[in-house]
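Colleague: I would like to go through the assignments in this model and hear what each one rests on.

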Amino acid sequence: LPICPNGSVNCQLSLEELFDRAVKLSHYIHFLSSEMFNEFDERYAQGRGFIAKAVNSCHTASLTTPEDKEQAQQIHHEDLLNLILGVLRSWNDPLIHLASEVQRIKEAPETILWKAVEIEEQNKRLLEGMEKIVGRVHSGEVGNDIYTPWDGLPSLQLADEDSRLFAFYNLLHCLRRDSHKIDNYLKVLKCRLIHDNNC
Amino acid sequence: SIQIPKERLPPEKPTIIKCRSPEKETFTCWWKPASDSTNHTLLYSKEGEEKVYECPDYKTAGPNSCYFDKKHTSFWTIYNITVRATNEMGSNVSDPHYVDVTYIVQPDPPVNITLELRKSIKRKPYLVLTWSPPPLADVRSGWLTLEYELRLKPEEGEEWEVQYQIWQFWPILKIKVICNSFLHADYAYSGCMSSNNSVCFLDFRVKDMV
């Protein structure tokens, strides 16, 4: 993520610069995820009652994450950073498959296809940047333990169209949600660690 | 044929009209009451929980509403909300309304808008526009990020033109050339405007970036 200015190889960006870039990237990823979800919802999900079935079905639901401002402000920053890393890692695999499987949706508009590929790419960059941030902030070893597997590929390939469309809807709904969490937590952390809660 | 008097029938189905969070910390839902009912009960369940709860506060937000304070508000969580209308003949329940508070944030307009005509060193006039975030919005901690949109239109004109979109951290804007005369700011939502002649109206719309 951090590109060294004027070509120097091992530049050391400040923590503030790292956070700045991470927040811009998380904001961009969430923006794309929202657009993609809204587009898909409008084109394929109207009147199918998918939201009722999407309750409690994200593969990252088992991760205990802050659910309001107070919780987000009380959690230790190292724990919140580890959670962000865990959520990002948990999306590596589904994003790879989303980018390929979305091509098979009937008349999938180019804008959805392009966003799926772009999000996968940017998610990798953000994960790379977050590992740098955690490396700087963490006293000990960067924790690799938070991760939730995704087993949703077969449902993206179901023959029954309604079931397959719901699988995509659910994945995009969870992506919009988790990308928003990451973006929100990063903004809270940046204000806390860089601006002493006075953004 | 036997005519059953109107009030002997169970109430019609109430309808949940809208839910809104003004500052991403609390939220309120409103419903359209069933015409012939004696009272209404709002019930909700939260994603990941079996339990059904009743509205915590029917008063704060006025009639036919339910106010969820911070303690009862969770984000990234789907609320399944219904309203039940009851009279002595029975009851009727609204269709379920699914809400994730993350996506119903609608901030209040910005406040303390000031507009100042200044002269630069080279004697060229320019305008400085300043404003503050809506009072309820906690933008300091990073929990809520606001995006401001500056729109201008000549007094006679109909169409607002979006001039700038500004991330929340710079509530100051230097405007070089606006239009030919004095510029007046009004609130996007409250719509209070003064009636000066030959003025350009500066309309503020605030969107939460969710």
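**Terms and values**

Modeller: Strands E6(B) and E7(B) form a hairpin with 2 residues between them. This is a predicted model, in which local features need pLDDT of at least 70 and side-chain atom pairs pLDDT 80 or more, while totals for chains, interfaces and linings use all residues. Residues are numbered from 1 along each chain, chains are lettered from A in the order in which they are written, and side-chain values use heavy atoms, without hydrogens and water.

Colleague: What makes E6(B) and E7(B) a pair of strands?

Modeller: Two strands pair if DSSP finds at least two bridges between them, a strand being a DSSP E run of at least two residues, numbered from the N terminus. E6 (residues 78-87) of chain B and E7 (residues 90-93) of chain B are joined by 4 bridges and run antiparallel, so they meet the rule. Within this pair, Arg84(B) has Val93(B) as its bridge partner.

Colleague: How do you know that E1(B) and E2(B) pair, and in which sense?

Modeller: E1 (residues 15-20) of chain B and E2 (residues 27-32) of chain B share 5 bridges in the antiparallel sense. Thr15(B) is bridged to Lys32(B). These strands form a hairpin with 6 residues between them, and Lys24(B) in the turn has a positive phi of about 60°.

Colleague: Why is the link between Lys69(A) and Asp138(B) called a salt bridge?

Modeller: The term requires a side-chain nitrogen of Lys or Arg within 4 Å of a carboxyl oxygen of Asp or Glu. The closest N and O atoms of Lys69(A) and Asp138(B) are 2.7 Å apart, so the pair qualifies.

Colleague: What is the extent of the interface between chain B and chain A?

Modeller: The buried area (accessible area, 1.4 Å probe, lost by two parts on being put together, summed over both) is about 2,500 Å², with 57% from carbon and sulfur atoms. Trp76(B), Arg140(B) and Trp143(B) supply 28% of the area that chain B buries against chain A, more than any other three residues. By contact (heavy atoms within 4.5 Å), 25 residues of chain B touch 29 residues of chain A.

Colleague: Where do Glu17(A) and Arg21(A) lie?

Modeller: Both are in helix H1 (residues 15-45) of chain A, 4 residues apart, about one turn of the helix.
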